[in-house]
Amino acid sequence: MANLFAYGTLKDADVHQNIFGRLLKGTPDSLIGYTITQIEIEEEFGMETYPIITATENPKDIISGWLYEVTDEEIQLADTYEGLHYKRAEVTVESNVKAWAYIVTD
């Protein structure tokens, strides 16, 4: 099992059903030292704007999100969903749990 910190579309119930085939159960948590920016990704019907996080190491920068427990297989499904514009990185959330989060690629 693994932990997944979600701050954008991975929090949506419809996305859970489409990617994982189930509704994930989670708890609210925060990520300190990161900020949310926006990126544009070309989709089938044009450009779409999505949130993406970047490390700042500033303790005043806090992102609210949800912490979910997922299987290793589900993490791989999330990797596919997030695509090339995001990379998975290990972070430590406010509750002092290590989790995967999708951040800006270098």
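What share of the 106 residues of the protein chain counts as buried? The answer is 36%, where buried means under 20% relative accessible area, exposed over 50% and partly exposed in between (1.4 Å probe, protein chains only). This is a predicted model, in which local features need pLDDT of at least 70 and side-chain atom pairs count only at pLDDT 80 or more, while totals for chains, interfaces and linings use all residues. Residues are numbered from 1 along each chain as its sequence is written, and side-chain values use heavy atoms, with hydrogens and water left out.

**Overall architecture**

The protein chain holds 2 helices and 7 strands, in the sequence order β-α-β-β-β-β-α-β-β. Helices (H or I, at least four residues) and strands (E, at least two) are DSSP runs, numbered from the N terminus. The C-alpha atoms fill a box of roughly 40 × 30 × 20 Å along the principal axes. The radius of gyration of the protein chain is 13 Å, which agrees with the value near 13 Å for a compact globule of 106 residues; it is taken over C-alpha atoms, and the globule rule is 2.2 Å times the number of residues to the power 0.38. Contact means heavy atoms within 4.5 Å. Of the contacts with a separation of 6 or more, 65% are between residues 24 or more positions apart.

**Strand pairing**

Two strands pair if DSSP finds at least two bridges between them.

| Pair | Bridges | Residues in the hairpin | Facing residues |
|---|---|---|---|
| Strand 3 and strand 4 | 10 bridges | 2 residues | Isoleucine 41 and glutamate 48 |
| Strand 6 and strand 7 | 7 bridges | 5 residues | Threonine 92 and lysine 98 |

In the hairpin of strand 6 and strand 7, asparagine 96 takes a positive phi near 70°.

**Nonpolar core**

A nonpolar core is a set of buried Ala, Val, Leu, Ile, Met, Phe, Trp, Tyr and Cys residues joined through side-chain atoms within 4.5 Å. The largest such core has 30 residues, and those with the most contacts inside it are Phe5, Tyr7, Leu10, Leu31 and Ile53. Elements giving two or more residues to this core include helix 1 (13-20), strand 4 (46-55) and helix 2 (72-82). Leaving aside neighbours within four places in sequence, isoleucine 53 is in contact with, among others, Tyr7, Leu31, Ile63 and Val104.

**A charge over a ring**

Arginine 88 lies over the face of tryptophan 100, at 4.4 Å from the ring centre. This term requires NZ of Lys or CZ of Arg within 6 Å of the ring centre and within 35 degrees of the ring normal.
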